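I opened the model to look up a few local features. My entries follow in the order in which I checked them.

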Amino acid sequence: MTETTDNDTGPDETMTAIAVAMQTAGVVEQRDRLVALWERVGAGGDPLHRCTIGHYVADLCEDAAEALTWDIRALDAAVMLTDERVKAHHASLSVAGFYPSLHLSVADNYRRLSSFAAAALHLEEAKRRLGVLPDDGYGRTVRDGIDHFAAALVTGSTERLPSH
C-alpha cells in the first residue's frame, strides 16, 4: 500500500494513526483516539483525514443523532476530496467510490431517527452512485447494506442494523 503525506515526504502519519486507533481493543478507546485525531486535524484539515475519521467515529456511536453528525462531517469532507489525494494514499481508491457508503450511512441514521423522507433521499443517492463500485467484497458489502436498509425503511424500523 502506498501511503503518502500531502507533501509526499513519507508515510501519512494521520492515516496510520487512524488504522492503529481502529485496531485498538474496545469501542470507547477507539472512539477516544479517533476524536483526539479529529481535534488534531481540525475542521479545515485534510479532507481524506476528516472523511475517514468521521466515517469511523459514526460507526462507533450508539446514538443515531451523534452518528449522523459524524457521518455528515464525513460526507462534507468527501466533497472537498480529489481523486489525486485519495490515489496518493492508495492507488485503487476514487472519491466516487466513497459516496455510496457515505450516503447509506447518512440514510441509516435518518431512518433510526424516524426521518424517513430524508432517509429515502440518501438511499436514492447511494443507489444512484452504486455503478462506480466494483464487484468485490467492498462493493457487495455496500450493495447488501442497501438491501438491508431498504427492507428496514419499508417496515418503518428504527432499530440499529449491522454495519454495512
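**Cysteines.** I looked for disulfides, a disulfide being a pair of cysteine sulfur atoms within 2.5 Å, and the count came to zero. The sulfur of Cys51 has its closest cysteine sulfur in Cys61, 15 Å away, which is too far for a bond. Cys61 is likewise in no disulfide, its nearest cysteine sulfur being that of Cys51. I then looked up accessibility, where buried means under 20% relative accessible area, exposed over 50% and partly exposed in between (1.4 Å probe, protein chains only). Cys51 is buried at 4%, and Cys61 is buried at 1%.

**Source notes.** This is a predicted model, so I note that local features need pLDDT of at least 70 and side-chain atom pairs count only at pLDDT 80 or more, while totals for chains, interfaces and linings use all residues. Residues are numbered from 1 along each chain as its sequence is written, and side-chain values use heavy atoms, with hydrogens and water left out.

**Aromatic rings.** I found one aromatic pair in the structure. Rings of Phe, Tyr and Trp (its six-membered ring) pair if their centres lie within 6.5 Å; planes under 30 degrees apart count as stacked, over 60 as edge-to-face and the rest as tilted. The pair is Trp38 with Trp70, edge-to-face, at 5.2 Å centre to centre and 85° between the planes. It links distant parts of the chain, with Trp38 in helix 2 (residues 27-41) and Trp70 in helix 4 (residues 64-80), 32 residues apart. For helix numbers I use DSSP runs counted from the N terminus (helices H or I, at least four residues; strands E, at least two). Trp38 and Trp70 are both buried.

**Charges over rings.** My criterion was NZ of Lys or CZ of Arg within 6 Å of the ring centre and within 35 degrees of the ring normal. Arg73 lies over the face of Trp70, 4.4 Å from the ring centre. Arg129 lies over the face of Tyr99, 4.3 Å from the ring centre.

**Helix packing.** How are helix 4 and helix 6 oriented to each other? Helix 4 and helix 6 (residues 99-112) pack at about 155°, with axes 9 Å apart. Axes are lines fitted to C-alpha atoms, for helices over the stretch in contact, and angles run from 0 to 180 degrees between N-to-C directions. Angles under 35 degrees count as roughly parallel, over 145 as roughly antiparallel, 65 to 115 as roughly perpendicular and the rest as oblique. Helix 4 and helix 6 are therefore roughly antiparallel.

**Backbone.** I noted a positive phi, near 65°, at Ser114, a residue other than glycine. Ser114 lies in the loop between helix 6 and helix 7 (116-128). Ser114 is partly exposed, at 44% relative accessibility.
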